[in-house]
Amino acid sequence: MLKPVENGPAVVACNTCRHSAAMREDEEGVRGGARLVEALRTAQAGDPRYAGVAVQEMPCLFACTEHCTVHLRAPDKVGYVLGRFTPDADAATAILDYAVRYAESEHGRVPFKEWPAGVKGHFLVRTPPPGFVAE
């Protein structure tokens with residue numbers, strides 16, 4: 001049931017998410033989450049700044065009402081679940097731009113003034129790392 005992955009900074013994308021609240025799959029029968037994973041991997045491959053953040057995927061993050069969700073995580077850092085993205089290059093770039101700043105931060109807190117516009121309004125949940133709670 002669990003698959004080992006790298007233990008560094010990562011964007012874990014739900015590959016089974018809907019495209020939107022109204023649309024589950026696109027005209028080709030592909031779910032929004034799968035399209036977002038594809039966009040994240042394409043953006044990552046095209047920009048060396050994103051090399052330090054893994055793009056990982058898994059089925060269902062259980063945020064089904066929030067379509068196209070990702071979990072941003074790293075060891076000993078606060079994690080975040082973001083959602084309501086359009087599965088496209090702009091969203092992927094914004095997510096990865098934020099992920100780079102997140103990976104560089106001490107505890108996972110990125111100052112609001114450094115947030116890419118494309119992630120503002122998309123934060124759903126903040127999660128504490130194992131053995132810690134946020135102050």
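Thr 69 is found in the loop that runs between strands E2 and E3 of this predicted model. With a relative accessibility of 0%, Thr 69 counts as buried, because buried means under 20%. Leaving out residues up to four places away in sequence, Thr 69 touches Val 12, Ala 13, Cys 14, Cys 17, Leu 61, Ala 63, Leu 82, Gly 83 and Leu 124.

As for the length of H1, its 14 residues should span 20 Å at 1.5 Å a residue, and its end C-alpha atoms are 20 Å apart, which agrees.

Helix H2 covers residues 89–104, and its 16 residues reach 23 Å from the first C-alpha to the last, close to the 22 Å expected at 1.5 Å a residue. At the start of H2, a side-chain oxygen of Asp 88 comes to within 3.3 Å of the backbone nitrogen of Asp 90. Along the helix, the buried residues are Ala 91, Ala 92, Ala 94, Ile 95, Leu 96, Asp 97, Tyr 98, Ala 99, Val 100 and Tyr 102. What covers them includes helix H1 (32–45) together with strands E1 (10–14), E2 (54–58), E3 (70–73), E4 (79–82) and E5 (123–127).

The structure holds 7 aromatic pairs. In one of them, the rings of Tyr 80 and Tyr 98 have their centres 6.5 Å apart and their planes at 85°, so the pair is edge-to-face. Because Tyr 80 lies in strand E4 and Tyr 98 in helix H2, this pair ties together parts that are 18 residues apart in sequence. Tyr 80 counts as buried at 10% relative accessibility, and Tyr 98 is buried with a relative accessible area of 1%.

Tyr 80 also pairs with Tyr 102: their ring centres are 6.1 Å apart and their planes stand at 75°, so this pair is edge-to-face. Here too distant parts of the chain are linked, with Tyr 80 in strand E4 and Tyr 102 in helix H2, 22 residues apart. Tyr 102, at 0% relative accessibility, counts as buried.

Seen together, ring pairs link Tyr 80, Tyr 98, Tyr 102, Phe 112, Trp 115 and Phe 123 into a cluster. Two lysines are placed over rings that belong to this cluster. The charged end of Lys 77 sits over the ring of Tyr 102, at 5.7 Å from its centre, while Lys 120 lies over the face of Phe 112, at 4.5 Å from the ring centre.

Technical notes:
Residues are numbered from 1 along each chain as its sequence is written. This is a predicted model: local features need pLDDT of at least 70, side-chain atom pairs count only at pLDDT 80 or more; totals for chains, interfaces and linings use all residues. Side-chain values use heavy atoms; hydrogens and water are left out. Helices (H or I, at least four residues) and strands (E, at least two) are DSSP runs, numbered from the N terminus. The expected span of a helix is 1.5 Å times one less than its number of residues. Buried means under 20% relative accessible area, exposed over 50%, partly exposed in between (1.4 Å probe, protein chains only). Contact means heavy atoms within 4.5 Å. A polar contact is a pair of N or O atoms within 3.5 Å; within protein, one must be able to donate a hydrogen and the other to accept it, and residues adjacent in sequence count only if both atoms are side-chain atoms. Rings of Phe, Tyr and Trp (its six-membered ring) pair if their centres lie within 6.5 Å; planes under 30 degrees apart count as stacked, over 60 as edge-to-face and the rest as tilted. A charge sits over a ring if NZ of Lys or CZ of Arg is within 6 Å of the ring centre and within 35 degrees of the ring normal.
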